[in-house]
Amino acid sequence: MLRVGIDVGGTFTDVVAVDSESGETLSLKLPSTPREPESGVLAAFDTALRERRAKASTVEFVAHSTTVGTNALLGQIGLELPRVAMLTTHGFRDVIEIGRQTRSRVYDLYVGRPRPLVARGDRFTVRERIGPNGDVLVRLDDAEIARACAELRAVPGIGAVAICLLHSYANDEHERRLAASVSQALPGATVVASSQVDPAYREFERFSTAVVNAALAPLVARYVERVCAGLQARGVRAGLYVMRSDGGLARAERIAQRPASVIESGPASGVIAAGALGERVGIGRLLSFDMGGTTAKAGTIVDGVAAIATEFEAAGRTHSGRAVKGSGYPVRYPFVDLAEVSAGGGTIAWLDAAGSLQVGPLSAGADPGPACYGRSSLATVTDANVVLGRLNPGHLLGGAFPIDAERARTAIAALADALSLRVEDAAAGIVALVDAQMSKALRIVTIERGLDPRDFTLVAFGGSGPLHACALADELGVTRVLVPRHPGVFSAQGLLDAALTERVARPVMRRVPDAGAALADTFQRWESRSRESLLGQGAVADTLAFCREVDARYASQSFELSVGYDQRPEVLSARFHQAHRRRYGYDVAGEPIEIVNARLTATGRLARVCAGRAPRGERSAEAISSRDVWHAGRRLREVAVYQRDALAEGAALSGPAVVEQYDSCTYLAPNWTLRVHDDLLVLQRAPEDA
Amino acid sequence: MNEIDPVTVEVIANALVYASEEMGVAVGNSAYSANIKERLDHSCALFDARGRLIAQAEHIPVHLGSLPWGLVETLRAIRANGGVRQGDMWVANDPYLTGTHLNDVTVIRPVFFQERLAGYAANKAHHADVGGSVPGSMPSVAADLFAEGLVVPPLRLMVDDLPVGETFALFAANSRTPDARHGDLRAQIAGNLTGERRLLELCDRYGAQTLARAVDRLLDASEMRLRHALRELHDGAFAAEDFLEDRNGTPSLRIALRLTLRDGQATIDYAGTSAQTALPLNAVFGVTLSGVHYALRAVTDPTIPMNDGCFRPVEVRVPEGSLLNPVRPAPVSGGNVETSTRNADVVLQALARAAPGRVPASSGGTMSNVMLGGTRRDGRTWAFYETIGCGMGARPNADGVDGIQCHMTNTANTPIEAIEREFPLRVVRYEFAAGTGGAGRFRGGDGLVRAIEIVESAAHATLLADRHAVGPPGACGGESGARGRHVLLREGRETVLPAKTGLDLEPGDVLVVQTPGGGGYGSPDGRTG
């Protein structure tokens, strides 16, 4: 049986197809088709089947990550959003546009807001009011509902309606009645009630989550239908699963109800892959480091679980690894916590007005690409790696892609001359600066979250990750690095490793001693419902697992921490104090604790994990060639270059060395050793005195 | 090795900026009060051993020039009392030393490397209440500084790396929210210790000498970039003036300046500015500086790394005893919000003449401060403070943004659902004040309307706003934005309230705050859309 993972990125669509009996893996990189995403996905699927010479009927499942949501919000041609209308409480029609009333760039006199997904003229209000405890202060009467529906009917071409009333998380009656009537009045439109998609307090974030869901729903539903229909037409009987932003899979038909939950699906899959790899080799703390052509992303896995954050801004910007508040559309769904920086192989080096060397944030992308691709004279990180001898000076992609090393050198020489540096020192400078930025991303997800990077193993992937891994590990005090078998398509691998996931949450707003027993019943009810749902989506029964958590805070605070639930108040309190101390460095004994939300996470596997792959070949580690490599300002002569495919299980190398392969290249620095173990490259830093 | 290579300088520059950002995260993470934790009303910076700013995380513009100025002044005071020692942590909030107002508490850590002073880590955070006559410590009337709250000269918060309990106790004993004072001061310590750790790592890795040379180079680079950007403006002298409204609503408090630009050097002379006032609207010199640096940075190049080099091409002269450089003990709480905002407007006005076509029309020009407090039926006291966004001035190429924080502040609103859970208040309206943006080829942003009803029991309100007499001016033929307005709705009657006032409210009363619209840009005849 064949398991197929398809990861659609901005430039490339990566495919991994694994035979569940033999463990044999096929990996492919194909161009993406952003204007018509479904055709690219189906074409990728066809290519995988053709290359494996497999029948569609032998496909066990297809797991997919998509950028369709992000691209639509960013204004991709061919993915136009529908006209979205909104119904909200009288007096509050602009809450969705005011947001948190901050500007996203403090010193930019030309700063703007993201374009509202609902135009002001399409925001309608109803007279009603619910109080913070769910009490009805002003009743929503039927005449008011009828009037609102009539107003909506008068607007041509509405594709979706978001219903967003104040305090609806505490009492959803008004929203439900409105939703029912609007669905009847506008039969063609998707209707989303905020209390259904995000029942939590803080109105702007809830309204925004509802609006993003409404805006994406028609488009994502159509996309999913087309991909499913295409697979069926090819004879695939198995289901299509889509990865959500939280790294869990869901049956494709289900995501159409909450399309905002898949917006960050691509970046999540890399971290999930790193987590699965850790599970396979028995390492619980991993730093996932994914460096591609334009960006680098860092995430963490602690005790086998990917770090999760609870809110992100869809289509927002990041600055130096941190999300810029107010630059996108807030979506209050869990997502894999990542720090992203504009640092990749294509990132451009330049000189600022003071003549200082700068790297990024602009990228040469795939077109025109780095100077060494032959179509530009842009000095990029990739060119620097060519000049330093770390990348093959003749070709990439196993010979399929020619490299013009002279052109790389000329581009970097232009900068070097202005800086009065040797070409190689300028190249080393570019690499040092891009490394500094990437180490910032790695620090953000560790040190700033109260984690010590020295306790972690780095998993380096993406086309460029393994080139920079040793330097970053050195910078952070990490002593072990893992490079997976196919670093360039590792994220697609993550799709096959992920579990089906259901998350349920609801506001509690009660202090610890009162909340205990009532919550136990709630969790019980949620578990039986989730069990049914996961089994219905195809989960294997004995792989089901449940995690009960509460978001709690000191009663006088306004921010929460998630801790494992326990029915006994004293245990729950102790857990919270401890979590607060670990995260913020202190706790306040005796202070009352309030439970804000209860959360259940239920997971189940689609299939059992494949048997381990048999290590291949008995070939020893023999260098295929050698070349000079620059390191720390010195020329290291005739550094051995190895072919990844020829490295046998157990082979051991010591740095400096270069390991080349189709989809990536690993640079082993002088103070590092490497061993092939379990089909991974395990890089280890030599002890200090060596 | 006398020369230091440019790449090392750049790597160190990155590391220093990152260190200051990490300090900011550490303060935010460990703070107790929502004001610091959620609204991020704090700033962090690193200084070298000579007290020169080497990196600053950019959160709140009003801290931009005032934190470095405050560090120098505070250290001068500390030196007069014996100076800093290893293991010290100092705290102060005296505005005449630290550079803003009493709520902004500054904490300073001298950093020692191999027994020698290597620099300072410092941060400033807004404490929600530091005593005084009203909750929030920003009264609408105050005869002097002492009426505004507790004045703390430089005191030790740590000695030999151990907390000084008495100093914590002093802050707690003088605040309406004592528990939060402890948590917030601890957070400020955590921030400085983070900065210290990073600075020491750099000393370790590169050596103190190389680090010092790199710092020299990167300060020079910022100076060079700012001079370069200033040379792109027109040389010459450019005068500008505007007025703040006094308690009677008369725009009588004058801010006047003359900006002289010559070959990459900017001189700003505030001769002609009103004398200091008996109202809490005086802006200490640090606040005045921050307005200048904010405006210059926004108009020239906001990507220049913020450090001492950015201050060198700029000279600021303010008459002593004036609204923008008062003499102790003039009251200053509102100078930090309202006067600070108008000052930035006036500097931008002058810059508009030096950089035609690059500076937007005036934004709302007030932070629209609302402070409410009282005693609940169960006897608990409560205090609520917020600032409300306004209309942004239209830009030379685009409309102004509706209802947003402008210029010297960027703090977030408190969610309505949070306000109603925590306070005996009900928000009855929060939307754009449609049509309040000034007309123009590009339209000014609309202001906001926020209406709050008092429920449960009586409350006291303090309102502090401006631009109620004259709307924010347009630019290049654009019209002014609409003026702001305060209205009290009581038993079906509307009463217009002054811009700056304090009053008692009963349950059922509704306070309506309408903030000013932004000015328009260019003649409305030129409007295309």
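In chain B, P6(B), V9(B), I12(B), A13(B) and L16(B) of helix α1(B) meet L211(B), A214(B), V215(B), R217(B) and L218(B) of helix α7(B). Contact here means heavy atoms within 4.5 Å. This is a predicted model, where local features need pLDDT of at least 70, side-chain atom pairs count only at pLDDT 80 or more, and totals for chains, interfaces and linings use all residues. Residues are numbered from 1 along each chain as its sequence is written, chains are lettered from A and ligands numbered from 1 in the order in which they are written, and side-chain values use heavy atoms, with hydrogens and water left out. Helices (H or I, at least four residues) and strands (E, at least two) are DSSP runs, numbered from the N terminus.

**Helix pairs**

- Two packed helices are described by the angle between their axes and the distance between the axes.
- Axes are lines fitted to C-alpha atoms, for helices over the stretch in contact, and angles run from 0 to 180 degrees between N-to-C directions.
- Helix α1 (residues 6-30) and helix α7 (residues 208-231) of chain B pack at about 85°, with axes 9 Å apart.
- α1(B) and α7(B) are therefore roughly perpendicular (angles under 35 degrees count as roughly parallel, over 145 as roughly antiparallel, 65 to 115 as roughly perpendicular and the rest as oblique).
- The residues in contact are G429(A), A432(A), L433(A), K440(A), R443(A) and I444(A) of α12(A), with V7(B), E10(B), V11(B), N14(B), Y18(B) and E21(B) of α1(B).
- In chain A, the axes of helix α9 (residues 265-281) and helix α14 (residues 490-497) come within 7 Å and cross at roughly 70°.
- α9(A) and α14(A) are therefore roughly perpendicular to each other.
- Their contact involves residues of α9(A) including S269(A), G270(A) and I272(A), and residues of α14(A) including F490(A), S491(A) and L495(A).

**Helix α16 of chain A**

- The 16 residues of α16(A) (residues 569-584) should span 22 Å at 1.5 Å a residue, and the end C-alpha atoms are 22 Å apart, which agrees.
- That expected span is 1.5 Å times one less than the number of residues.
- L572(A), S573(A), F576(A), H577(A), A579(A), H580(A) and Y584(A) are buried in α16(A).
- Seen down the axis, these buried residues fall within an arc of 165°, so they line one face of the helix. The arc is that of the directions from the helix axis to the C-beta atoms.
- On the other side, E570(A) and R582(A) are exposed.
- Buried means under 20% relative accessible area, exposed over 50%, and partly exposed in between (1.4 Å probe, protein chains only).
- G585(A) follows α16(A), with a positive phi near 90°.

- S65(A) sits in strand β4 (residues 59-65) of chain A. S65(A) is buried, at 0% relative accessible area.
- Beyond four places in sequence, S65(A) touches residues including S269(A) and L495(A).
- N385(A) belongs to helix α10 (residues 381-387) of chain A. N385(A) counts as buried, at 2% relative accessibility.
- P139(B) lies in the loop between β5 (116-126) and β6 (155-159) of chain B. P139(B) counts as buried, at 2% relative accessibility.
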